[in-house]
Amino acid sequence: MKKVISLLTATMLILLTGCSSAETTPVASEEVPKESESVTEAEPTETTGPKLTFIGHAAIQLTASDGRTILIDPSISNYQYPDAVDFVLVTHSHEDHKPYYKIKLKEDGTKITYNEALIDGAYQKFEFDGITIEAVPMGGNEGHPLGYGTGFIVTVDGISIYHAGDSSNVPELQALASKEIDYALYPIDGQFNMDAIEATELANIIGATHNIPIHMSNAPGEDKSVNFTPEGRLVLKETETIDLVK
């Protein structure tokens, strides 16, 4: 009888040992690498820097390296705008500067017009996670007196871009020389604003690294940009895109 009890006891010990081993199996599984550790790293994708597109007339598109898009005075209708953009800036109320009605803002997008940019005579400055939008004086001529709208200095990826809106060479704009601008865009039509020669004088005073003529209002066969000759002259064709460099 004792032998039977001993055999039964031994058998139970074996079974209990087996159950105990089965119950401790999850402990061993904790040593398996987590899913994030076992996934093969993706090959690095090609990165792009900030860009500027001259859409036409006074309209430009800025694209940050993170893909955010900024439109300034996007009145042109025959341009393939992004499905939705992050920012729309409007320098003043004239029809040739108002945004094309089909342009859409993202749900979290921002539109800044001269109304939000100039409040009680104070030029406003806006910060958006690495993008700075600073309103500055615009105008200085009969059709665009000072205070009628605002220019904008947009800083993207550490590069500053100045859009003069509709302006002329006046001291309030000359004072922007202190801003150390990388890219500047000037109207040169000579009809509603300064002409190319006056714009050249202003561009040389402000001293941006690159100076781009816009709002040319060329007649057929005419090219007013030939008389725009500042240091750092950069003439863009309509819809041409360039990489922005410091």
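Predicted model: local features only at pLDDT ≥ 70, side-chain atom pairs only at ≥ 80, totals over all residues.
In what order do the 6 strands of the open sheet stand? The order is S5-S4-S3-S2-S1-S14, and the pairing is mixed, where strands are DSSP runs of type E with at least two residues, helices are runs of type H or I with at least four residues, and both are numbered from the N terminus. Two strands count as paired if DSSP finds at least two bridges between them.

Residues are numbered from 1 along each chain as its sequence is written, and side-chain values use heavy atoms, with hydrogens and water left out.

Strand S4 (residues 85-89) runs parallel to S5 and is joined to it by 4 bridges, and Val85 has Leu105 in S5 as its bridge partner.

For the chain as a whole, the secondary structure comes to 6 helices and 14 strands. Of the 246 residues, 41% are buried, where buried means under 20% relative accessible area, exposed over 50%, and partly exposed in between, with a 1.4 Å probe and protein chains only.

Let me turn to Thr53, which is placed in strand S1 (residues 51-56). Thr53 is buried, at a relative accessible area of 6%, and its side chain makes a polar contact of 2.6 Å with the side chain of Thr241; such a contact is a pair of N or O atoms within 3.5 Å, where within protein one must be able to donate a hydrogen and the other to accept it, and residues adjacent in sequence count only if both atoms are side-chain atoms. Leaving aside residues up to four places away in sequence, Thr53 also touches other residues, including Ile60, Tyr79 and Thr239, contact being heavy atoms within 4.5 Å. Thr239 itself lies in the loop between S13 and S14, has a positive phi near 70° although it is a residue other than glycine, and counts as partly exposed at 46% relative accessibility.

Next, helix H6 (residues 196-206), whose buried residues include Ala199, Leu202 and Ile206. Their cover includes strand S11 (159-163), helix H5 (171-174), S12 and S13. At the start of H6, a side-chain oxygen of Asp195 reaches to within 3.2 Å of the backbone nitrogen of Ile197, and just after the helix Gly207 takes a positive phi of about 75°.

Finally, the aromatic rings. There are 7 aromatic pairs, counted when ring centres of Phe, Tyr and Trp (its six-membered ring) lie within 6.5 Å, with planes under 30 degrees apart called stacked, over 60 edge-to-face and the rest tilted. Tyr186 and Phe228 form a tilted pair, at 6.4 Å centre to centre and 50° between the planes. This pair links distant parts of the chain, 42 residues apart, with Tyr186 in strand S12 (residues 183-187) and Phe228 in the loop between strand S13 (210-214) and S14. Both Tyr186 and Phe228 are buried. Elsewhere, ring pairs link Tyr79, Tyr81, Tyr100 and Tyr101 into a cluster.
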